[in-house]
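Subject: Structure handover

Hello,

Here is the structure I said I would pass on. Please look through it with the notes below beside you.

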Protein chains: 2
Amino acid sequence: MLSKDKKILIVGLGLMGGSYADALTKAGYEVGAITRSQSSIDNALSRGLIRHGMADVDAGYVGQFDIVVFSLYPHTFISWIERYQQFLKPGAMLTDVTGVKGSVVYKVQSILRPDVEFIGAHPMAGKETSGVQNASGDIFKGANYIVTPTPENKESAIEDCEELGRIIGCTRISRLTPEHHDEMIGFLSQLTHCIAVSLMNCKDSKDLVRFTGDSFRDLTRIANINDEMWSELFIMNKKELLKQMELFAGQFEKLKKAVECENVDELRNMMRISTKRRNYFNH
Amino acid sequence: MLSKDKKILIVGLGLMGGSYADALTKAGYEVGAITRSQSSIDNALSRGLIRHGMADVDAGYVGQFDIVVFSLYPHTFISWIERYQQFLKPGAMLTDVTGVKGSVVYKVQSILRPDVEFIGAHPMAGKETSGVQNASGDIFKGANYIVTPTPENKESAIEDCEELGRIIGCTRISRLTPEHHDEMIGFLSQLTHCIAVSLMNCKDSKDLVRFTGDSFRDLTRIANINDEMWSELFIMNKKELLKQMELFAGQFEKLKKAVECENVDELRNMMRISTKRRNYFNH
């Protein structure tokens, strides 16, 4: 159990960082924050998401915290560790929310001081808005949460990290290797975003609004995308993402061939498989 | 205005036919039904969706109705007209709910008696369930509704058909040629179903449930699909659907190339386009 006297620092107060802050404050923890913009600190203070915060990285401030949650773009996270890790409290447990793991977890662990511990985590939650002003701890309610420990990590620290996921409200907690995480997320999250973006690039859609049903709306909801963050995530997971994109392109081509040849058996077979598998995902 | 003394017949009491019956009965019309199975008639009678109904096609019964809504698979609809059109009341207005128009509307009009009139319609509403037991007039609330008249149709009959859409609860009523309808629906509805089915065919997904976020759920909701009906719709709209599939495959390939070459500018540009266009679809 993560005792209530552990002090938690959020680094990066955007949608995810702010939502962590909200959930952890509501759970009774003392939560502080460091982020680039003073206005984000002010917003979080005024809404009671954090108890205190700074727009600078101050050694004395950083050194107070037992747990640090990094909610930064992947490259910014790695740079932060390179530059400021000497400020961290000895024994601190670090975690993150980054959507790619292979190219982050090993890098961070390889440069990290031996007296602090980093365990990657990925709560499968989000919104089509950004910024701390849209943050809410509610986004984690019932969400999946993946931790990606390595042989470097101690079992007790892994359990603390899993506990953190339960505290913010996630219900299904899984352990995956960073590689397995990236394969899963390449398929479940990055590929789906690639599909939505590609679909939306097909036609200038203004006049389509009058004709659409729910299916097009549902499929393209995530086409509203933070281009800076997602282009970085795609490229950092390039190898795995390309594999998943090829897998999908192959199945799409197979279906297209079946339409071309009017192969009703093949069409119906693919539809029956998709129907059966989709039923696993009904809550 | 469609006066309340018009008697309306639903042919085919499935999800869509039953939902029409429900909405029209609630709007105060006398609604009857013909469908293959007596148990569907019984279900609709017991829930008050229809005033009367038959499991046979009876000349005297069919001949009473001023408006007939066909909610059948495309081929079954055409066969019904070939076989039973002599029973229709002179001056009757026929419409349908079929998801393809080019290969249905002209065919039906070419074989139809001159003293009755057929105007194709397509309410953009549905559910991932089927059968009259799941029918509800509520599915049309706020939905888009497309009518596909041809030069054969009289303006007054077209207006009646549009009025029918408003009566069941649709709000945005559009007129398209059958060809334009098929292009739109090939893109907005059939292509999205192809994408969802292909995505679901990529992996045996049972163990993925633990890791997924909302994006994968949203993208695959429509992978739960009636294989008999949709394979028929795909093949009847083959030419247009293949064009839309190629359009999408081209954009997907362009995005894949950008990931491969780490072309961040191209990636971000496609994402900015998709974000801008997706905003048209926010209610």
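In chain B, helix α10 meets helix α11 through Gln251(B), Lys254(B), Leu255(B), Ala258(B) and Val259(B) on the α10(B) side, and through Glu266(B), Leu267(B) and Met270(B) on the α11(B) side. Contact here means heavy atoms within 4.5 Å. Helices (H or I, at least four residues) and strands (E, at least two) are DSSP runs, numbered from the N terminus. By class, this contact has 5 nonpolar, 1 polar and 2 charged residues. Ala, Val, Leu, Ile, Met, Phe, Trp, Tyr, Cys and Pro count as nonpolar, Asp, Glu, Lys and Arg as charged, and the others, Gly among them, as polar.

The model is predicted: local features need pLDDT of at least 70, side-chain atom pairs count only at pLDDT 80 or more, and totals for chains, interfaces and linings use all residues. Residues are numbered from 1 along each chain as its sequence is written, chains are lettered from A and ligands numbered from 1 in the order in which they are written, and side-chain values use heavy atoms, with hydrogens and water left out.

Back to the two helices. The axes of α10(B) (residues 238–260) and α11(B) (residues 264–278) are 8 Å apart, and the helices pack at an angle of about 140°. That angle makes α10(B) oblique to α11(B). Axes are lines fitted to C-alpha atoms, for helices over the stretch in contact, and angles run from 0 to 180 degrees between N-to-C directions. Under 35 degrees counts as roughly parallel, over 145 as roughly antiparallel, 65 to 115 as roughly perpendicular, and the rest as oblique. The crossing of α10(B) and α11(B) is left-handed; this means that the near helix is turned anticlockwise from the far one by less than a right angle, while clockwise would be right-handed.

A helix pair also joins the two chains. The axes of α11(A) (residues 264–278) and α9(B) (residues 227–236) come within 9 Å and cross at roughly 130°. This makes α11(A) oblique to α9(B), and their crossing is right-handed. Among the residues in contact are Leu267(A) and Met271(A) of α11(A), and Trp230(B) and Phe234(B) of α9(B). The classes here are 6 nonpolar, 1 polar and 4 charged residues.

How is chain B related to chain A? A rotation of 180° with 0.0 Å of shift along its axis superposes chain B on chain A, with an RMSD of 0.0 Å. The two copies are thus related as by a two-fold rotation axis. Copies are superposed by least squares on the C-alpha atoms of residues with pLDDT of at least 70 in both. In chain B, Leu219(B) comes closest to the rotation axis, at 2.3 Å (C-alpha).

Next, the sheet in chain B. It is open, with 8 strands in the order β3-β2-β1-β4-β5-β6-β7-β8 and mixed pairing. Two strands pair if DSSP finds at least two bridges between them. β3(B) (52–54) and β8(B) (172–175) stand at the edges with a single partner strand each, so one side of each has no neighbour in the sheet. The twist averages 20° from one strand to the next. Strands β5(B) (residues 93–96) and β6(B) (residues 117–123) run parallel and are joined by 3 bridges, with Met93(B) opposite Glu117(B).

In chain A, β4(A) (residues 67–70) and β5(A) (residues 93–96) pair in the parallel sense over 4 bridges. Ile67(A) stands opposite Met93(A).

Regards
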